[in-house]
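Please work through the following exercises with the sequence and the model at hand. Each task is followed by a solution in steps.

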Amino acid sequence: MPIPLPPQTFTCPACKWQRTTIPASDVLMLGFNWFDHCPVCDNKNIAQQPASTTEIIKARLAGFFQNKTED
């Protein structure tokens with residue numbers, strides 16, 4: 001039975017890019033819900049930390065409105 005990983009926030013210290021991911025399962029896809037470098041400036045020193053409640057709410061709302069525009 002797949003167990004989703006906890007939400008994570010990835011941040012680039014160089015360009016301040018930030019993304020909070022909420023994995024739906026235990027499958028991680030590089031560049032979608034897991035990052036090993038910054039997609040904006042290609043910095044390899046990306047910070048990863050557990051997502052805060054505020055970051056989780058923002059990510060869920062962004063996903064909700066993104067899915068609404070695709071319908």
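This is a predicted model: local features need pLDDT of at least 70, side-chain atom pairs count only at pLDDT 80 or more; totals for chains, interfaces and linings use all residues.

Residues are numbered from 1 along each chain as its sequence is written, and side-chain values use heavy atoms, with hydrogens and water left out.

**Exercise 1.** Identify the salt bridge (a side-chain nitrogen of Lys or Arg within 4 Å of a carboxyl oxygen of Asp or Glu) and classify the exposure of its partners.

Solution. 
1. The structure holds one salt bridge.
2. Asp42 pairs with Lys44, and their closest N and O atoms lie 3.6 Å apart.
3. Buried means under 20% relative accessible area, exposed over 50%, and partly exposed in between (1.4 Å probe, protein chains only).
4. Asp42, at 44%, is therefore partly exposed, whereas Lys44, at 55%, is exposed.

**Exercise 2.** Describe the surroundings of Ala47.

Solution. 
1. Ala47 belongs to strand β3, residues 47-50 (strands are DSSP runs of E, at least two residues, numbered from the N terminus).
2. Its relative accessible area of 36% makes Ala47 partly exposed.
3. Beyond neighbours within four places in sequence, Ala47 is in contact (heavy atoms within 4.5 Å) with Thr9, Phe10 and Thr11.
4. Asp36, 11 residues away in sequence, has its C-alpha 9.1 Å from that of Ala47.

How values were computed. Helices (H or I, at least four residues) and strands (E, at least two) are DSSP runs, numbered from the N terminus.
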